[in-house]
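This report looks at a few features of the structure shown below.

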Amino acid sequence: MRAIQLQEYGGPEVLKVVDTSTPEPGPGQITVDVAYTGVNFADLKARGEGYRVPSLPYVPGLEVSGHVRALGAGVEGFEVGQEVAALTDGGAYAEVALADATTVFALPDGVDLRTAATLPTVLPTAHALLHEVGRLRAGESVLVQGAAGGIGTVVGQLAKAGGAGAVYGVVSSEAKAKYALEHGYDEVFVGGSGDSGDSARSGDGFAAEVRAATGGRGVDLALDPVGGDVFRGGLAALAVFGRLVSFGNASSAPPWQVGQPELYGTGLGVSGFSILSLAKSAPDALREVAARAFAKVADGTVRLPVTAEFPLADAAEAHRLMGARTSTGKLLLRVAG
């Protein structure tokens with residue numbers, strides 16, 4: 001089969017088309033004939049710095065849509081040829097992908113394979129950030145870094161549908177601000193983090209703007225995929241009893257640390273979320289979150305626009321576009337769709 005492989009870390013040019021062996025499912029696994037593969041910023045970090053890469057050579061990619069190719073021993077509830085979406089532990093930039101059956105999902109009615117490739121990482125993550133981890137209540141305000149990216153696009157819509165009082169976003173350009181305002185955001189601040197891990201201006205900058213926009217109160221819930229100064233700015237933007245959920249470290253800053261001095265004074269809370277970690281440690285919980293999240297696409301509550309699509313062989317071009325920090329929405333690789 002064809003796959004995109006990296007044999008060294010570096011820029012997009014290290015992504016090479018190779019012919020490699022087709023994976024076979026072991027017990028509890030499923031192989032999928034891939035139609036579309038989603039491109040995520042985590043793929044860029046894997047390529048550039050080895051994020052979550054166990055060894056080289058390595059085939060990146062975390063999510064696919066396609067048809068069930070083969071079932072491993074003990075797998076029930078799926079049929080060969082069935083249309084599915086899947087979260088993978090790498091290996092998705094390929095004509096055939098391998099996934100644990102616990103992270104393979106039948107498609108909701110009315111969802112096609114192209115749309116399905118946008119779902120496995122983004123939808124459950126967005127839902128969990130707001131509801132399961134962030135515990136959003138009606139009338140509360142939300143601040144989202146990277147508001148024009150894949151997750152940001154969905155969070156804005158889900159927050160509004162969940163009764164948020166005001167939804168604020170931070171992006172890196174006026175074009176992204178316009179896009180975010182079309183997807184649930186009430187106000188968007190320009191100059192901070194974008195969907196592809198842009199380096200934000202100082203956290204104090206957007207935190208001051210957030211406080212000004214909220215009459216000095218701050219927001220109830222802040223969502224941060226960037227880390228570093230942006231994480232600290234998110235804390236500074238919180239209202240009394242506010243919560244911050246960290247779900248990435250796009251800045252590659254040292255891991256954040258927070259303790260009593262930062263939290264005690266106004267009763268703040270800090271949580272973390274990783275869909276890949278949840279898939280390993282609590283797959284049943286992941287399936288419950290995914291079911292709730294996918295239903296929001298099936299019923300029309302949420303849409304996630306595909307803003308660019310590339311052939312599998314042009315994966316490097318997809319990485320260049322995302323790395324340029326000008327993209328919005330979701331990027332896909334077309335494998336057999």
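## A buried loop residue

Beyond the four places on either side of it in sequence, Val75 is in contact with Gly28, Gln29, Ile30 and Ala101. The model is a predicted one. Val75 lies in the loop that runs between strand S4 (63-71) and strand S5 (83-87).

Val75 has a relative accessible area of 14%, and a residue counts as buried under 20%, so Val75 is buried. One of its contacts, Ala101, is 26 residues away in sequence, while the C-alpha atoms of Val75 and Ala101 are 6.8 Å apart.

## Nonpolar cores

The largest nonpolar core is made up of 53 residues. Within this core, the residues with the most contacts are Leu123, Leu130, Val142, Val154, Tyr185 and Leu223. Setting aside neighbours within four places in sequence, Tyr185 is in contact with Val144, Ala147, Gly152, Val155, Gly156, Val167, Tyr168, Gly169 and Ala180.

## Helices H1 and H11

Helix H1 covers residues 41-49 and helix H11 covers residues 315-323. Their axes come within 10 Å and cross at roughly 105°. Angles of 65 to 115 degrees count as roughly perpendicular, and H1 and H11 are therefore roughly perpendicular to each other.

On the H1 side, the contact is made by Phe41, Asp43, Leu44 and Arg47; on the H11 side, by His319, Met322 and Gly323. By type, the residues of this contact are three nonpolar, two polar and two charged.

Notes:
Residues numbered from 1 in each chain as written. Predicted model: local features only at pLDDT ≥ 70, side-chain atom pairs only at ≥ 80, totals over all residues. Heavy atoms only, no water. Axes fitted to C-alpha atoms, helices over the stretch in contact; angles between N-to-C directions. Helix = DSSP H or I, 4+ residues; strand = E, 2+ residues; numbered from the N terminus. Parallel < 35°, antiparallel > 145°, perpendicular 65-115°, else oblique. Contact = heavy atoms within 4.5 Å. Nonpolar A, V, L, I, M, F, W, Y, C, P; charged D, E, K, R; others polar. Buried < 20%, exposed > 50% of the residue type's maximum accessible area, 1.4 Å probe, protein only. Core = buried A, V, L, I, M, F, W, Y, C linked by side-chain atoms within 4.5 Å.
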